[in-house]
Every structure is written in structure tokens, then in C-alpha cells.
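These are my notebook entries on one protein model. I recorded what I looked up, in the order in which I looked it up.

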Amino acid sequence: MAAGEVSARSAGIVTAALERVGPFCDDAAVVRMEHAFTRTAADNDPDFPARVSQGWIEALNQTGSEPSEELLRQLQGAFYPQAVPRT
């Protein structure tokens with residue numbers, strides 16, 4: 001960012017993504033990810049790193065993130081049918 005290669009918005013996205021994946025990987029992986037992600041942010045508009053970061057976070061967080069309020073509202077009252085054993 002200091003060199004003017006990455007916008008403030010992209011730098012914020014990179015920082016937030018690295019903070020979110022920190023608990024799921026070791027320090028060396030975070031450093032490699034930071035380097036790759038910063039290059040991606042420098043070469044693209046801020047919307048692209050935002051989309052890429054979400055994919056990386058989901059790939060590293062195998063338990064998944066908590067559902068959004070919107071998704072919870074959409075699924076409220078929806079139940080998946082259980083398999084019923086045949087007799």
C-alpha cells in the first residue's frame with residue numbers, strides 16, 4: 001500500500017481475510033497467503049480480492065461460517081425430509 005500498488009480498500013480486504021484464516025493455518029501459510037493475496041490485490045480491482053478472499057476463507061474453514069441472518073430467515077420453517085426406513 002505504501003508503494004501505491006494496492007488501494008486502501010484492497011489492503012483492508014487482505015488484512016481482514018488474513019485475520020479470519022489465522023486460526024486455521026500456521027504462520028508460514030499465512031505469510032505465503034499474504035504475499036499471494038497482495039499480488040492479486042495489486043493486479044485487480046478491489047471487487048476481485050473480495051470474492052477471492054471469501055473462497056479462501058471457506059476452503060480453510062472446513063466447519064464453515066455461521067449462516068447469515070438473511071439465510072436463516074429464508075430457511076425458517078423449512079425442514080429437510082428424513083429418510084424413513086421401509087418395513
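I took helices (H or I, at least four residues) and strands (E, at least two) as DSSP runs, numbered from the N terminus. On that basis I found that W56 lies in helix 3. I worked on a predicted model, in which local features need pLDDT of at least 70 and side-chain atom pairs count only at pLDDT 80 or more, whereas totals for chains, interfaces and linings use all residues. Residues are numbered from 1 along each chain as its sequence is written, and side-chain values use heavy atoms, with hydrogens and water left out.

Entry 1, the whole chain. I counted four helices and zero strands in the protein; along the sequence the pattern reads α-α-α-α. I called a residue buried under 20% relative accessible area, exposed over 50% and partly exposed in between (1.4 Å probe, protein chains only). Of the 87 residues in the protein, 23% are buried. I defined a contact as heavy atoms within 4.5 Å. Among contacts with a separation of 6 or more, 62% join residues 24 or more positions apart.

The expected span is 1.5 Å times one less than the number of residues. Which residues of helix 3 are buried? I found P49, V52, S53 and I57. Seen down the axis of helix 3, these buried residues fall within an arc of 140°, so they line one face of the helix. The arc is that of the directions from the helix axis to the C-beta atoms. As background, I noted that an α-helix has 3.6 residues a turn, so residues three or four places apart point the same way. The cover over the buried residues of helix 3 includes helix 1 (8-21) and helix 2 (27-43).

S53 is buried, with a relative accessible area of 7%. Leaving aside neighbours within four places in sequence, S53 is in contact with I13, A17 and F37. W56 is partly exposed, with a relative accessible area of 27%. With the neighbours within four places again set aside, W56 is in contact with M33, A36 and F37. I also looked up W56 and L18, which are 38 residues apart along the chain; their C-alpha atoms are separated by 9.8 Å.

Helix 1 has 14 residues and reaches 20 Å from its first C-alpha to its last, close to the 20 Å expected. I listed S10, A11, I13, V14, A17, L18 and V21 as its buried residues. They cover an arc of only 160° around the axis, which puts them on the same side of helix 1. On the other side of helix 1, I found A8 and E19 exposed. The buried residues of helix 1 pack against helix 2 and helix 3.

How do the two axes cross, and within what distance do they come? The axes of helix 1 and helix 3 come within 10 Å and cross at roughly 5°. Helix 1 and helix 3 are therefore roughly parallel to each other. In this contact, R9, S10, I13, A17, R20 and V21 of helix 1 meet D47, P49, A50, S53, Q54, I57 and L60 of helix 3.

Notes on terms. I used axes as lines fitted to C-alpha atoms, for helices over the stretch in contact, with angles from 0 to 180 degrees between N-to-C directions. Angles under 35 degrees count as roughly parallel, over 145 as roughly antiparallel, 65 to 115 as roughly perpendicular and the rest as oblique.
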